[in-house]
Amino acid sequence: MSDDPQSVGQSGHNGSGHASSMLVGIGASAGGICALKQFFSRVTPGSGLTFVVILHLSPQHESNLAELLQVNTKIPVTQVTQTVRVQPEHVYVMPPSKYMVIEDGNINLIQPERIRGGHSSIDMFFRTLADAYGKDAVAIVMSGTGADGTLGLRRVKEHGGFAIAQDPVEAEYDAMPLSAIETGLVDLILPAAQMPDRLRALGEGGQRLQLPKEEEEKQEERQSPDPEMAEVRAVLTLLRQRTGHDFTQYKGPTVRRRIARRVQVHGLPDINSYLNLLGEHPEEVPALLRDLLITVTNFFRDRDAFESFNQEIVPKLFAGKGANDQVRVWVVGCATGEEAYSIAMLLCEYAARLNDPPRIQIFATDIDERAIMQARDCRYPHTIALDVTPARLRQFFVEGDDHYRVKKEVRELILFAPHNILRDPPFSELDLVSCRNLLIYLNREMQDRTLATFHFALAPGACLFLGASETAEGIP
């Protein structure tokens, strides 16, 4: 999980009575033009939706994609050639030889990221879409080869948006939608022609449910209980009975909104209707659990924080230790492993400069057993090159046809295990606890209890690495 940013996209797109303020990013590659034509043939005026198309294009040729799509829809289609202010009910198309990002309500062009093994234009746009539009972001992955879009789609889901994939059976090339689906985070798997109607329904559902913005959630926490919280508690009770996971100590407004997203996905009128669906369709329970957990991260996330960590904290972890000692680290809420491997790389780099370095032992835990399995598998798409330097890719990874895999000598430093910080006993005699973007989801009582657990687990003079929005003010 992570902070849900204030949505730039919702600041002005709904003021004219449109049904939705959502911005829909559509990523495609080989076979994507046919899917895009089918999609836009069903897009009609009046939805308020804005669309941005990111298609892998040859830099050697001019693109006529905007003209092709304009034939299929009555809303304006424009190839972006310079910075443009986003308007509702428009389609914006990426040009050849450039990547697009969105910030402050503008689409900007940037030079492409040159990565080994494939494109990263879809991931790049989806990440900025998530940061700019938050819960009003939609990421769609259509036909294509490779895995571009998968990492960006994770970011969109983390920030409360929606993830949709083209049905792989329909897709001319199924690798990209399958890669997205394998994350377990995709909300809807649909033929391209069915997506516009579902998008309109999602937008109308958001208006009906009146989901609070982040600042409204914070105010809501300080006020009287929400009448819908009784229904939310009933959902959480059923979830605990079916899965053993207890979310009652998580912040109520955040949990409510994650549940409301499932209400939207199913086109239901309210949470009570969703409670009935949960009782009648057991397969929805793990889907809800995944949406509540949203175990998403990336390598060296928050680059400035990791730079400070590397310069100021890593040397302290090794100070006074020799070959007979250990550097002991616990990564709490490790998700699919990227943060644990990031820390391991930095520790390995420092240890390589020492004559008699201590052994490195990293414990990495998460409540999500599916995420732990992915972390142990340690296979990541080529687009991690957006976050990992070429030198580190060469040193710490083995490149496969469609992925990078962490080298054995790094994997062996880390013990991945399922663990619930609110219930299970901690590790001990640690030099470092890294717990980033978890405390923000817990109520104050559980924050204090978790910090007390860290105090017990850490050796004297050890370090605690928290997220940018978190503090250790409750630590004893």
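Which residue caps the N-terminal end of α10? The close-ups below start there. All views come from a predicted model, in which local features need pLDDT of at least 70, side-chain atom pairs count only at pLDDT 80 or more, and totals for chains, interfaces and linings use all residues. Residues are numbered from 1 along each chain as its sequence is written, and side-chain values use heavy atoms, with hydrogens and water left out.

**View 1. Helix α10, its cap and its buried face.** D270 is the capping residue, with a side-chain oxygen 3.4 Å from the backbone nitrogen of N272 (a polar contact is a pair of N or O atoms within 3.5 Å, one able to donate a hydrogen and the other to accept it; residues adjacent in sequence count only if both atoms are side-chain atoms). Helix α10 spans residues 271-280, and its buried residues are I271, Y274, L277 and L278 (buried: under 20% relative accessible area, 1.4 Å probe, protein chains only). These line one face of the helix, because they fall within an arc of 105 degrees seen down the axis of α10 (the arc is that of the directions from the helix axis to the C-beta atoms). Their cover includes α8 (229-243), α9 (252-265) and α11 (284-293). Helices here are DSSP runs of H or I with at least four residues, and strands are runs of E with at least two, numbered from the N terminus.

**View 2. Where α8 meets α11.** The two helices pack at about 110 degrees, with axes 11 Å apart (axes are lines fitted to C-alpha atoms, for helices over the stretch in contact; angles run from 0 to 180 degrees between N-to-C directions). That makes α8 roughly perpendicular to α11 (65 to 115 degrees). V235, L236, L238, L239, R242 and T243 of α8 meet V285, L288, L289 and L292 of α11 (contact: heavy atoms within 4.5 Å).

**View 3. The open sheet of 5 strands.** Its order is β16-β12-β11-β17-β18, with parallel pairing (two strands pair if DSSP finds at least two bridges between them). β16 (414-418) and β18 (458-466) each have a single partner strand, so one side of each is left without a neighbour in the sheet. The twist averages 20 degrees from one strand to the next. Look for F363, whose bridge partner in β16 is L415. Helix α17 (residues 444-457) lies across β11, β17 and β18, at about 135 degrees to β18.

**View 4. The open sheet of 3 strands.** Here the order is β13-β15-β14, with antiparallel pairing. 3 bridges join β14 to β15 (residues 404-406), and F397 stands opposite V406 in β15.

Methods
Buried < 20%, exposed > 50% of the residue type's maximum accessible area, 1.4 Å probe, protein only. Parallel < 35°, antiparallel > 145°, perpendicular 65-115°, else oblique.
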